[in-house]
Amino acid sequence: MRAVTSAMALLALAACNTQLPDSAAGVGFDNYADYSAHREGVLQGTVSAQPLDAAPAQGVVTEITGGPISAVESSDATAMPGAQAENHAGISDEQSFAAVSARETIASDRERLEQQREQYTFIQPEPLPPRPGGDGAGIIEYALSTTNPLGQQVYKRGRAVAPETLARRCAKYGSDDHAQEAFLKNGGPERDRLGIDPDGDGFACYWDPSPFRLAER
C-alpha cells in the first residue's frame with residue numbers, strides 16, 4: 001500500500017514539474033562550439049554575421065566577397081530609401097547660372113524690375129509725436145542757455161530745505177526732466193514756487209544740464 005502511495009506521489013510531482021527553458025535558445029546557436037566557429041568566421045570575413053538559424057532577408061548580401069562596397073548591389077529597390085532621389089525638390093537653384101539662364105532672359109529681368117518699381121512705395125516722414133508729460137525742447141533750450149555749474153547760486157532763495165524734504169518733493173515728478181519742466185513753468189528759474197531749487201542754481205531737484213551741453217559740442 002505504501003509503495004502504491006509513493007508511486008502516485010512521484011507521478012503527481014512529475015506532472016507539476018515545470019520544464020526549465022533553454023538559456024541558449026534564441027541567441028542564434030545550438031551549442032557553444034557552433035557559436036564559436038561562427039564567430040571566428042565572421043571575424044575573418046569568411047561568413048556572414050547573420051545568426052546561424054536565420055533565413056537570409058530579401059535583397060541583403062549574406063556573404064562578403066571582398067570587393068569594394070560600391071560594387072555591392074541590392075536586388076530590393078527599397079533597400080536604400082532615397083537612393084534614386086536625384087531631384088531635390090524645394091531647394092533653390094538661383095545660384096546655378098545654367099538653371100537661371102534657361103528660364104530667364106534680359107527682357108524678363110527688365111519686366112520684373114519695372115513691376116517692382118511700380119510696387120515701390122515711398123513713405124513720407126512725419127513729425128515726431130509730442131513727448132508725453134512735458135516739453136522736452138524747453139529744458140534743452142534752457143540747458144544750452146546756461147553756463148553755471150551745479151550748486152552755484154544764481155538766484156535768490158528763501159530758507160533752506162532739508163534733503164529729506166527735497167527728496168520727497170522731487171519724487172512726485174517721476175524724473176528730473178519732468179521736475180525741471182514743472183519748475184520752469186511755475187516761474188523758474190527766477191522764482192521757486194515749488195520749492196525744488198533750494199540752492200538757487202536754476203536746476204530743479206537733481207536735474208543736470210551737462211549732458212545737453214556736451215551734446216551740442
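Guide: A surface patch is made of residues with over 30% relative accessible area and no salt bridge, with like charges joined within 9 Å and nonpolar side chains (Val, Leu, Ile, Met, Phe, Trp, Tyr) within 5 Å. This is a predicted model: local features need pLDDT of at least 70, side-chain atom pairs count only at pLDDT 80 or more, and totals for chains, interfaces and linings use all residues. Residues are numbered from 1 along each chain as its sequence is written, and side-chain values use heavy atoms, without hydrogens and water.

Visitor: Which residues form the positive surface patch?

Guide: Arg159, Arg168, Arg169 and Lys172 form it. Lys and Arg count as positive.

Visitor: Why is Arg169 called partly exposed?

Guide: Its relative accessibility is 31%. Buried means under 20%, exposed over 50%, and partly exposed in between (1.4 Å probe, protein chains only). Therefore Arg169 counts as partly exposed.

Visitor: Where does Arg169 lie?

Guide: In helix α6, residues 163-171. Helices (H or I, at least four residues) and strands (E, at least two) are DSSP runs, numbered from the N terminus.

Visitor: How many helices and strands does the protein have?

Guide: Eight helices and zero strands.

Visitor: Which residues of helix α7 are buried?

Guide: In α7, residues 176-185, they are Ala179, Gln180, Glu181, Ala182 and Phe183. Just after α7, Gly187 has a positive phi of about 100°. Across the protein, buried residues make up 17% of the 217 residues.

Visitor: What share of the contacts with a separation of 6 or more joins residues 24 or more positions apart?

Guide: The share is 59%. Contact means heavy atoms within 4.5 Å.

Key: Accessible areas come from the Shrake-Rupley method with a 1.4 Å probe; for residues, only the protein chains shown count as cover. A salt bridge is a side-chain nitrogen of Lys or Arg within 4 Å of a carboxyl oxygen of Asp or Glu. The place of a charge is taken as NZ of Lys, CZ of Arg, CG of Asp or CD of Glu.
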